[in-house]
Amino acid sequence: MSATEARTAALKVEDLEVAYDVRGVLRPVLRGVSFEIRPGEAYGLVGESGCGKSTTAYAAVRYLPGNGHITAGRALIGGDDVTAMGAEDLRALRASRISMVYQDPGQSLNPTIKVGKQVAEAFAVLGASKEEARERAIEALRRVRIADAERVMERYPYQLSGGMQQRAVIAMALACDPQLLILDEPTTGLDATVEAEVLDLVANLRDETGAAILLIAHNLGVVRRTCDRVGIMYAGRIVEEGIAGEVFDDPQHPYTVGLLRCLPRRGAAKSERRLDTIPGSLPLIGTPLPACVFEDRCALASAECRTALPTASHPRPDRTVFCHHVDRVAELVAAPVTAAAGEVAPGEVVLQLEDVSKTFRQGGHEVRALVGVDLELRAGETLGLVGESGSGKTTLAKAILGIHAADQGGVIRLDGETLAGLTTQRSADARRAIQIIFQNPDSALNRSKTVRSILSRALSKLAGLSGQAADDRLEKIREEVVLSPRHLDLKPRQLSGGLKQRVAIGNAFAGDPRIVVCDEPTSALDVSVQAAILNLLADLQRDEQASYIVISHDLGVVRYLSDRIAVLYLGRLMEVGDAATVFAGPHHPYTEALLSAVPSVDGDPPARIRLEGEVPSAIDVPSGCVFHTRCPRAIQGTCEASEPPLVEVEAGHMMRCHIPIDELRRLQATDAG
Amino acid sequence: MLRFLIRRIALGLVTLLLLTVIVFALSNVIPGDVGRQILGPFAPQESVDELNQRLGTDQPLYTQYFNRMADYARGDLGESYASREPVSKLIGESFWASAKLALLALLVTIPLAVIAGVYAALKRGSIFDRVIVTLSLAGSSLPEFVTATFIIVTLGVSLSIFPVLARPPDGADPLTQLYYLAMPIMALVIVYFGYIARMARAGVVAALEADYTRTAVMKGLKRGVVIRRHVLRNALLPTISVVATQTGYLFGGLLAVELIFNYNGLGRLLVTAARDKDLPLLSAGVLVIGIVYMIATLLADVLISILNPRVRLGEDG
Ligand SMILES: Nc1ncnc2c1ncn2[C@@H]1O[C@H](COP(=O)(O)OP(=O)(O)OP(=O)(O)O)[C@@H](O)[C@H]1O
Ligand code: SF4
Ligand code: SF4
Ligand SMILES: [Mg+2]
C-alpha cells in the first residue's frame, strides 16, 4: 500500500468545484470532488445523468465548455497542477501525457479527413516526420487489432463501422503512451458484442501500456468488468468509493444501495417483484443543497444530515463512505423487495407469425433481413427479442406493425385474422391493436402540443372518443401512467425523459392496444427512472392484458419483462423458449456467447466466451448454419455444410443447432466449472 | 461523381422545361391581346389582327408554345414585341450588365463576409463578434429598397459623392464604370454580407463545438492547426451550400437594386417585359435566370463534393 502511495498519482483531484455560468449567474455543479487514480489503475465514475461525471473529466483536462469555471480545488496529472498551467504547457500535456475517448466515435473523428491521416497527426504532434508518423499510425491501428490497417488508413470515418471507428479513436488516444486515458461513455451506442470487444481491447492495452484509466459509464456492468475501483457520484460529490466488485455487491452508502436496488439484477422477473425506485430526482444545477447532497431523497436522513457535512468513514477495508448513518445502511439493504401484484396467466394466442420473411433489395443484391420466422404471442404475455444489431429485431417489429410489408408467402395473424402487409391496408381496428413505444419518446410526441392535447388526439384517433367520454378516459390514462394533473398542461420539452416516456406510453395505450412493441423503452433513462417505467409497463400489462414485444440490448431489462425470449441471428430464429429456461440454459451457442459478452453488474462468469468479428453481411450469408463463422462450438464438416432446423429440444424450448441439447448441457456445465 | 453530375444536369433540364411551361402559362393568364398591347388602343382592328397573325399569337396556346420551343431549340430566341429587337441581343446586353454588378458585389462580399464570420466565431462573445452579428442582422433584415434608397439619399443626393444613376457613359474606362457602379455594389454588399457572414459564423461555431475538434485539441495540436485543418473545412461546407442554394435570394436583391438605381440589368429588363406583356423577352429571360441558377447550384454541389468525401465517393446519393 505505502509503495503505491509513494508514487505520484496519475490523476489526483482535490476538492474540485466547478460552476457553469448560466445567463450571468454562476451555478455550481461540482461541490468538492476528491479522488485519486494510481498509476496503472482503472477507476470508474458512476452516477445519474447530470451528476457531474463529464464535468469532472473535462475539468481534469481543462477542456470545460466556454461557460464552465473551476471555482476551487485542483487537478493534478502526474503531480502537475492542471488548473495552474499555461496554454503551451497544457498543449504539451495533452500531446504527450493524457488522452480522451468519448461516446459516439463517429462524431469524434473528422468526417472530411482520412482515418490514417488523423491517426498520424497524433504522432506528428510528438515530433515524428511525415513518413514516420504514417508508419507508426499503421502500427497503432494494428495494436488496436485492426487487421487490414493499411486499407483502413485510406478510409474515411463514415466508411467504418462504429466498433472500427472507436478502435481508430483509441489508437489515436494511445499514440502518446498516455499516463492517463479518460473514457467518457466509450461504448454507449455500440452493440453489446462490439462493446465487449472494445472493453477487452481497453483491458489488454492497459496491461500493455500501463496507462491509468478513468472510465465514465452509466452501465454498471461495464464499470465492474473494466475498473479496479469505483467512485459513486451524486450531485457533484463522491459519496462512496471502493473496489468495484465489492461496492456493487455490498454497497455502504444509502445512494449506492438505492441505485443498485433499481436494477433488475440476478435474474429478477416481473412476476416475482417490483423494482425499487429512488423517490425524487437529482437536484437541478446550482440549487443550494443541505450538508448532505442526498438528504432530500434519503430514507435515513436526520436533522444532522441537513446541517453537518458527513465526513469520511471506512466501514470496510478499502472503502470510503460519506454518510452520517453508515451504521444504519444495513436496514436499507435488508429492506424486503416489493412483491409483484400478482401473476398474469397468459390467455389466448393474439398474434401468430408463420414463415414470415423480409427481403430488401439493395443495389442489385437481395438482403434477406428476416428468414422464415414462426412465432406466437399470447394475451398478457411478453416476448423478448434478443440479438446483435443487424440480427433482424427491428425488421421483425416493423413487419408486425406494418411499417413495411413482409414478403409474400408468410402470414401474420391477429386474433386469427390474416393481417395485410402494410398498416395503410389494415382495418382501423387492426391498426389500433398494435402500437409502439420508442427509445426516444420525442419521436412520438408532437413538440408544439401540450400533453393534454397529445393524449386527446390519440384518444380520438385511436379510440374514436370525444367529449366527456374522452375526458374520463384521459383522466384514467393519466392515473395509469402516473402523471400528475399539472403535467397535462405542459409541453414535451418541459418534461424530463422519464415523464416524456410516460406520455408516450399513455399515447400507445389510448386505444386499448392488444400488442405493444417496446423498442429499447428505457435505454435513454437513468436506472431509477428505468425502474419506474418497467414497473409501469408491468402494471399496465396486468391491468390491460396487453401483450408486449420487448427489444433491448440490456438483458436485465429483457429478462425482467419477458415471459418468453426469441433469439435472432441474421434474420433467423436461433432459439425460442420461456425466459427462465433460455436464461438458465442449456443455451444455443449464439445465446451463450451473447449472454457472456454482455457485462453484468453482478460480475462475469469465470470463463467468458469471446464472440469475435462482426455479424456477416446479410447479402452474403454463410453456408450451413449461418452462425458457423463465429461459433465457438462449431463442428467442423457439419456446421458449414447444412443448416440445422429449428426444433423443440425440450418442452417449450426450441433451438436451431446441430449439437444435441444434452451435449450442450454437458459442454456448458464443464466450461462454467 | 460522373453519374451524379449527369443526374443533376438531367434533373436541371427537366426543371427548365417545366419553367418554360409555367412562364408561358402565366403570361397568358394576364388578360389582353398581344397585338392590341403593342399597337395601342387607337390602332385599327385589322392591323391588330394582322400583327397577331404575323406574331403567331392568334394560334392556339399549345401551338404557340411548341413553336417557341422549336425556335429555342434552333437557338432563335425571337424578337421582342415591344422594341422589335432580337431578344438574344437585349438579354445578352443586360445579362452581362447584371453579371458584372453581381460578380463585383460578390467579389467584395464573399471574402469580407467569410473572414468576418469566421473571425467573429473564433472570438465568440467579444465586442467584434457582437458588432458583426448586429450588423449582419440589420443588413439582411432591412428590405433591399430601404438600404438602396438610404445609400442614394446619403451618398448620392446629400453628399453627391457618387452619381445617382448607375449608368456609366458608353465606352467609359473601368475606373469610371466602377465609380458609377459604386452605390449599387454597396447596396448589394450590405444585403449579401449579413447573410454570408452569419452562415460562416454559424458553421465555425458548430465546428468548434464538434467532437472532432475536441479530439484534435486533445491530441495537443496547436490552435492554428486545429482551426485550419479541422474547423474551417467542415465549417465552410454548409456556408457554400447555403449561399449557392440561395442564389434565388441573391437574384431578389439584384432585382431591387437594379430597379432603384435604374440600372440596365436583366432584372429591370424582365420587369419591363412583364409589364409590356413582351412574351418572348420574358420567357427567354426567365429561362436564362433558370440556367444561371442551375449552374450556380451545380457548381456549389461540385465544390462541396470536392470538400466532402462522403458525397465525392458517391455512397450517399
Ligand atoms: N455548458 C453548460 N452550461 C450549463 N450547464 C451545464 C453545461 N454543461 C453541463 N451542464 C450541467 O451540469 C450538470 C453536470 O453535467 P455533466 O455533463 O457533467 O453530467 P454527467 O454526469 O456527465 O451526465 P451524463 O450521464 O448525462 O453524461 C448537469 O446538470 C448539466 O445540465
Ligand atoms: S448523510 Fe444522512 S442524508 Fe446523507 S446519505 Fe447519510 S443518512 Fe442519508
Ligand atoms: S449448428 Fe454448429 S455452428 Fe451452428 S450454432 Fe450449432 S454448433 Fe454452432
Ligand atoms: Mg456525461
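Predicted model: local features only at pLDDT ≥ 70, side-chain atom pairs only at ≥ 80, totals over all residues.
Figure 1. The buried residues are A:Pro589, A:Tyr590, A:Thr591, A:Glu592, A:Ala593, A:Leu594, A:Ser596 and A:Ala597. For orientation along such an element, an α-helix has 3.6 residues a turn, so residues three or four places apart point the same way.

**Figure 2. A:His588, in the loop between helix H22 (579-584) and H23 of chain A.** A:His588 has a relative accessible area of 1% and counts as buried because this value is under 20%. The side chain of A:His588 comes to 2.7 Å from the backbone oxygen of A:Arg656. When neighbours within four places in sequence are left aside, the contacts of A:His588 are A:Met574, A:Glu575, A:Phe627, A:Met655, A:Arg656 and A:Cys657.

**Figure 3. The surroundings of ligand 3.** A shell of 13 residues surrounds ligand 3. The closest of them are A:Cys625, A:Cys631, A:Cys639, A:Cys657 and A:His658. By class, the shell holds nine nonpolar residues, three polar residues and one charged residue.

**Figure 4. The surroundings of ligand 1.** Ligand 1 is surrounded by 13 residues, and the closest are A:Ser49, A:Lys53, A:Ser54, A:Thr55 and A:Ile285. The shell of ligand 1 is made up of six nonpolar residues, six polar residues and one charged residue. Oxygen atoms of the ligand take part in several polar approaches. A polar backbone atom of A:Cys51 lies 3.3 Å from an oxygen atom of ligand 1, and a backbone N or O atom of A:Gly52 lies 3.0 Å from an oxygen atom of the ligand. In A:Ser54, an N or O atom of the side chain is 2.7 Å from an oxygen atom of ligand 1. On its own, ligand 1 has 640 Å² of accessible area, of which the protein covers 69%. Strand E1 (11-22) and helix H2 (53-60) of chain A are the elements that give two or more residues to this shell. Helix H2 of chain A gives the most, with three residues.

**Figure 5. The surroundings of ligand 2.** The residues around ligand 2 are A:His253, A:Pro254, A:Cys292, A:Glu295, A:Cys298, A:Leu300, A:Ala301, A:Cys305, A:Cys323, A:His324 and A:His325. Seven residues of this shell are nonpolar, three are polar and one is charged.

**Figure 6. A:Arg261 in helix H12 (residues 254-262) of chain A.** Is A:Arg261 buried or exposed? A:Arg261 is buried, because its relative accessible area of 16% is under 20%. Not counting residues up to four places away in sequence, A:Arg261 touches A:Arg273, A:Asp276, A:Leu332, A:Val333, A:Ala335, A:Pro336 and A:Val337.

**Figure 7. A:Gly286, in the loop between H12 and helix H13 (303-307) of chain A.** Apart from residues up to four places away in sequence, A:Gly286 touches A:Arg27, A:Pro28 and A:Arg31. A:Gly286 and A:Val615 are 329 residues apart along the chain, and their C-alpha atoms are separated by 46 Å.

**Figure 8. Positive phi values at A:Asp415 and A:Leu570.** Most residues other than glycine have a negative phi. A:Asp415, which is not a glycine, has a positive phi of about 50°. A:Asp415 is located in the loop between strand E16 (411-414) and strand E17 (417-418) of chain A. A:Leu570 likewise has a positive phi, near 50°, and is a residue other than glycine. Its place is the loop between strand E21 (564-569) and strand E22 (572-578) of chain A. A:Asp415 is partly exposed, with a relative accessible area of 39%, whereas A:Leu570 counts as buried at 2% relative accessibility.

**Figure 9. Confidence in chain B and in the model.** The mean pLDDT of chain B is 79, and 90% of the residues score at least 70. The scores of the model are ipTM 0.71 and pTM 0.77.

Definitions and conventions: Residues numbered from 1 in each chain as written. Chains lettered and ligands numbered in written order. Heavy atoms only, no water. Near = heavy atom within 4 Å. Nonpolar A, V, L, I, M, F, W, Y, C, P; charged D, E, K, R; others polar. Polar contact = N/O pair within 3.5 Å; in protein donor to acceptor, adjacent residues only side chain to side chain. Areas by Shrake-Rupley, 256 points an atom, 1.4 Å probe, with all protein chains shown as cover. Helix = DSSP H or I, 4+ residues; strand = E, 2+ residues; numbered from the N terminus. pLDDT = per-residue confidence, 0-100. Buried < 20%, exposed > 50% of the residue type's maximum accessible area, 1.4 Å probe, protein only. Contact = heavy atoms within 4.5 Å.
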